[in-house]
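Have a look at the model first, then work through each solution step by step.

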Amino acid sequence: MSSVTIPVKTSEPHPHMRAMNMFRDLPAVADLIELCFAETMDNDGQRYIADMRRASRDDGFLKWASHMTETASLPLTGFVWEEEGHIIGNASLIPFRDKGKRIYLVANIAVHPDYRRRGIARLLTQRAMKYGWDKKSTALWLHVRDDNPGAIKLYEELGFQELARRTTWTAKPDSHLLKPASDIQVVARHPRFWSQQQDWLRRLHPDALGWYHAFNLNSLRPGLMNWLYLLFVDVNIKQWAAVLNENLLATVSWAPHGGRSESLIAAVSDAANTDETQTTEALTQLLLNARRALSNQSKLLLEFPAGEMTEAFRAAGFMERRTLLWMRADPATRRHFMRS
């Protein structure tokens, strides 16, 4: 996701904290984010850093951005912590709309390793939250890796509550993969499966996070009008279903979106309504099929609720890349925050 940083004009409560200045701070902020997250940064993160550095060198882009406002959906505002002329802390805010209402994603909370355990991250996060509440945001969101308990504890203390926990799985396509023997058949997704597939998708991809994902799950819907729309926007979706005795067990869709041509979307029934062993085998068959059929792609990514169907992903050769906790603070938190 490309980003541009816009300064926030406000007086700061701490002498080392100030609004980010996009004309001079972008390179230093990019360096700080890269330093703090180098061990866990994926290709998307590397592209994000590259976009920040590219923007910092584009005078025309910066001049355009400096005259824009949040009503034009600017992707980034933020605050930095500066000591002795060096930026050693950062917190960004990325505005979104959810059903027409303003919300913010608090992101890139980073503190240089030499300056940690001084409360800088807390102060930056609190300042970012205050900015969001002052802008009448109906909710604040953030996501954090599940292997960062210190950050999770901080965000909980500031009023954020976990709403979802999701794991990203990745695998390389391979046209030479063998197809395991099975009574389960992999077929093209038939329109008659849509109602059941849609119910599964709604459970596995909660509407509460729909504001963050650019892809509309309704694009997987069968029908002439949807086919014509996808043809018009040049999106080529592939869908497969796993069936046993005409009964649908699972689906996997390949839906390029947002520049991520490697994205897969899986759908299965919840454990209470299915034979888990059968569903695991069905999803494994579908994922192996996707790896064979999409051999022209560089990699495949799939996001799924953490802890679900892990055996199927591993059996199909997918590796766990990361698990993120999605956390939200609501207006009740705002009232508590303003009193603290």
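This is a predicted model: local features need pLDDT of at least 70, side-chain atom pairs count only at pLDDT 80 or more; totals for chains, interfaces and linings use all residues.

**Exercise 1.** Work out how α1 and α2 are oriented to each other, and which residues make their contact.

*Solution.* 
- Step 1: Start with the geometry. Helix α1 spans residues 26–37 and helix α2 residues 43–56; their axes lie 8 Å apart, at an angle of about 165 degrees.
- Step 2: Apply the cut-off of 145 degrees. The two helices, α1 and α2, are therefore roughly antiparallel.
- Step 3: List the partners. From α1 come L26, P27, V29, A30, D31, I33 and E34, while α2 supplies Y48, I49, M52, R53, A55 and S56.
- Step 4: The contact of α1 with α2 has 9 nonpolar residues, 3 charged and 1 polar.

**Exercise 2.** Decide how the buried residues of α5 are arranged around its axis, and find what covers them.

*Solution.* 
- Step 1: Pick out the buried positions in α5 (residues 149–157): A151, I152, L154 and Y155.
- Step 2: Look down the axis of α5. The buried residues fall within an arc of 160 degrees, so they line one face of the helix.
- Step 3: Recall the helical repeat: with 3.6 residues a turn, residues three or four places apart point the same way in an α-helix.
- Step 4: Turn to the other side of α5, where P149 and G150 are exposed.
- Step 5: Identify the cover. The elements over the buried residues of α5 include β4 (101–111), α4 (120–134), β5 (139–145) and β12 (319–329).
- Step 6: Follow the chain onward: just after α5, G159 has a positive phi of about 105 degrees.

Key: Residues are numbered from 1 along each chain as its sequence is written. Side-chain values use heavy atoms; hydrogens and water are left out. Axes are lines fitted to C-alpha atoms, for helices over the stretch in contact, and angles run from 0 to 180 degrees between N-to-C directions. Helices (H or I, at least four residues) and strands (E, at least two) are DSSP runs, numbered from the N terminus. Angles under 35 degrees count as roughly parallel, over 145 as roughly antiparallel, 65 to 115 as roughly perpendicular and the rest as oblique. Contact means heavy atoms within 4.5 Å. Ala, Val, Leu, Ile, Met, Phe, Trp, Tyr, Cys and Pro count as nonpolar, Asp, Glu, Lys and Arg as charged, and the others, Gly among them, as polar. Buried means under 20% relative accessible area, exposed over 50%, partly exposed in between (1.4 Å probe, protein chains only). The arc is that of the directions from the helix axis to the C-beta atoms.
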